[in-house]
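Student: I am new to this structure. Please show me how to read its features, step by step.

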Amino acid sequence: CEAGPVDDAVDWTDLTRPTPAWFPAARLGIFVHWGAYSVPAWAEPTGELGTIDEATWVRHNPYAEWYWHTIQLPGAPAREHHRTVWGDRPYDDFLDLWKAESFDAAAWARLFRQAGARYVVLVTKHHDGIALWDAPGTGTRNTVHRGPQRDLVAELAAAVRAEGLRFGTYYSGGLDWSVTGFLDPEQPLLRPNDAAYAAYAAVHVRDLVDRYAPDVLWNDIEWPDAGKHRGRLGLHELFRHYYDAVAEGVVNDRWGETHWDYRTSEYQHARENESAAVWENNRGIGLSFGYNQVEGPEHSLDAHAAVRHLVDVVSRGGNLLLDVGPTAAGEIPELQRRTLEGLGAWLAANGGAVHGAAPLSPAVATASDEPWVRWTATPTTAYAVVDAAGDVTVRADHDAVDWAASRTPAGTAVEAQPVDGGLALRLPPADGPAVVGFPLAGTVGPRA
Ligand SMILES: C[C@@H]1N[C@H](CN)[C@@H](O)[C@H](O)[C@@H]1O
């Protein structure tokens with residue numbers, strides 16, 4: 001999932017600019033993986049990317065959106081599952097079985113806004129090559145001509161923007177099994193690099209830009225090597241075209257080049273990228289991005305865990321792109337909906353410590369795990385997010401903070417007494433981590 005060889009023949013300096021401020025200020029986005037793979041919706045909940053060795057991962061892939069690949073592998077339980085449930089039906093039957101009969105884009109967008117998200121990134125073409133819009137060159141292998149028979153990209157873009165959120169598009173530039181076959185299923189990241197595929201993909205992304213003006217261009221795996229050049233269908237011209245069309249647009253770092261607006265990590269994979277000034281961790285609520293009917297609460301983040309993960313990411317300077325995998329009918333599974341609703345309720349009361357916040361200088365205070373404390377800051381306020389209740393002592397020692405004037409974002413005063421090298425807080429019972437704000441004296445604030 002990370003960038004491959006870098007082509008230093010391209011000079012990116014003319015495209016380099018500060019990351020548009022809306023992106024790091026957003027802090028929470030919703031990822032949506034919805035496709036033909038949502039019909040079988042089956043994978044083994046093996047574990048998080050970055051914690052499972054590749055040999056195990058390939059045959060026991062927890063990503064339900066990789067179903068078509070996993071069932072190619074002799075000995076993979078998914079292959080046995082497919083035979084038992086679907087017989088020898090080809091994967092493309094799932095496109096025709098995907099009806100989206102309950103899809104209500106406005107209801108999704110409302111749920112995402114209420115969850116506290118500020119942007120939404122929809123998968124427009126995943127590794128199976130099926131497009132969620134009438135993508136040039138895909139013939140009828142898209143959701144406008146088959147299955148849902150709707151332009152799902154257009155519908156969700158309009159609904160998300162009507163809720164005041166930004167809309168981005170994910171595109172699998174690196175893998176497209178419908179174009180290349182599976183090359184070598186035992187080497188899942190072998191990817192197409194020829195000029196024809198590079199042109200095919202470039203035409204798709206240009207079409208997405210021209211039709212939907214996405215606020216985020218989220219490429220996955222890498223861009224085809226033959227497309228990494230200055231020519232009309234090369235990556236540099238593609239980004240130039242994008243930025244001319246979307247002035248505050250941002251691109252991620254999965255193009256196999258040295259130009260990006262932000263870095264990415266995925267579950268526990270590529271966490272070294274989290275040292276960048278602007279970065280985004282992406283993961284599912286469970287262990288899969290596409291809907292996996294096998295997953296239960298034991299595999300998923302509940303609201304409390306989602307709050308902790310989001311706050312930890314923000315306290316280290318990142319965004320969280322949290323994925324939902326809708327059912328083929330277009331419903332958000334109850335397990336995922338509950339997490340989004342709980343996350344939204346917490347953010348409604350405490351969002352001041354997240355939206356527009358940044359890491360607090362470690363010179364002022366640092367994270368701890370016992371008690372669980374993470375610190376964020378705006379230019380005027382330091383926030384302690386404490387996952388404990390009652391009498392708690394946090395480590396904090398800097399004269400730049402008015403430790404006495406502590407209060408929750410909702411304004412409830414919190415009793416705070418300076419103690420040796422720290423601060424004793426008496427926290428009210430809270431539904432989830434408590435948040436306490438301390439005015440900054442203005443000399444120390446979030447890291448630039
Ligand atoms: C967001 C995730 N990215 C990985 C590649 N790292 C994909 O293989 C996976 O299916 C999902 O789209």
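This is a predicted model: local features need pLDDT of at least 70, side-chain atom pairs count only at pLDDT 80 or more; totals for chains, interfaces and linings use all residues.

Student: How are helices and strands defined here?

Tutor: They are DSSP runs, numbered from the N terminus: helices are H or I with at least four residues, strands are E with at least two.

Student: Which residues of α6 are buried?

Tutor: Buried means under 20% relative accessible area; exposed is over 50%, and partly exposed lies in between (1.4 Å probe, protein chains only). In α6 (residues 105–114), the buried ones are Ala105, Trp108, Ala109, Leu111 and Phe112. They cover an arc of only 160° around the axis, so they sit on the same side of α6. That arc is taken from the directions from the helix axis to the C-beta atoms.

Student: Why do residues three or four places apart point the same way in an α-helix?

Tutor: An α-helix has 3.6 residues a turn, so residues at that spacing point the same way.

Student: What do the buried residues of α6 pack against?

Tutor: Contact means heavy atoms within 4.5 Å. The partners are β1 (28–32), β2 (119–125), α7 (152–162), β8 and α12 (334–350).

Student: What is found at the start of α6?

Tutor: A polar contact is a pair of N or O atoms within 3.5 Å; within protein, one must be able to donate a hydrogen and the other to accept it, and residues adjacent in sequence count only if both atoms are side-chain atoms. Here a side-chain oxygen of Asp104 comes to within 3.1 Å of the backbone nitrogen of Ala106.

Student: Which residue caps the N-terminal end of α7?

Tutor: Asp151 does: a side-chain oxygen lies 3.2 Å from the backbone nitrogen of Val153. After α7 comes Gly164, with a positive phi near 85°. The buried residues of α7 are Leu152, Val153, Leu156, Ala157, Ala159 and Val160. Their cover includes α6, β2, β3 (166–171) and α9.

Student: Now strands. Is β7 enclosed or open?

Tutor: Count its buried residues. In β7 (residues 279–284), 6 of the 6 are buried, so the strand is largely enclosed by the rest of the structure. Trp279, Asn281 and Arg283 point one way, while Glu280, Asn282 and Gly284 point the other way.

Student: Which strands join β7?

Tutor: Two strands pair if DSSP finds at least two bridges between them. Strand β6 (residues 263–266) runs parallel to β7, with 4 bridges. Arg263 has Trp279 as its bridge partner in β7. Strand β8 (residues 318–324) also runs parallel to β7, with 6 bridges. There, Asn282 has Leu321 as its partner in β8. From β7 the chain crosses through helix α11 (residues 303–315) to β8, in a right-handed β-α-β crossover. Right-handed means that, with the strands pointing away from the viewer, the path from the first strand over the helix to the second runs clockwise.

Student: What is the order of the open sheet of 3 strands?

Tutor: The order is β13-β15-β14, with antiparallel pairing. β13 (390–395) and β14 (415–419) are the edge strands, each pairing on one side only. Between β13 and β15 (residues 422–427) there are 6 bridges. Gly390 stands opposite Leu427 in β15.

Student: Now single residues. Is Asp207 buried or exposed?

Tutor: Asp207, in helix α9 (residues 195–212), is buried, with a relative accessible area of 15%. Leaving aside neighbours within four places in sequence, Asp207 is in contact with Trp133, Asp134 and Pro136.

Student: And the loops: where does Gln149 lie?

Tutor: Gln149 lies in the loop between β2 and α7. Its phi is near 55°, a positive value in a residue other than glycine. Gln149 is exposed, at 54% relative accessible area.

Student: Which residues does a cis peptide bond join?

Tutor: Check omega. The bond joins Glu370 and Pro371, with omega about 0°. Pro371 is in the loop between β10 (368–369) and β11 (372–377).

Technical notes: Residues are numbered from 1 along each chain as its sequence is written. Side-chain values use heavy atoms; hydrogens and water are left out.
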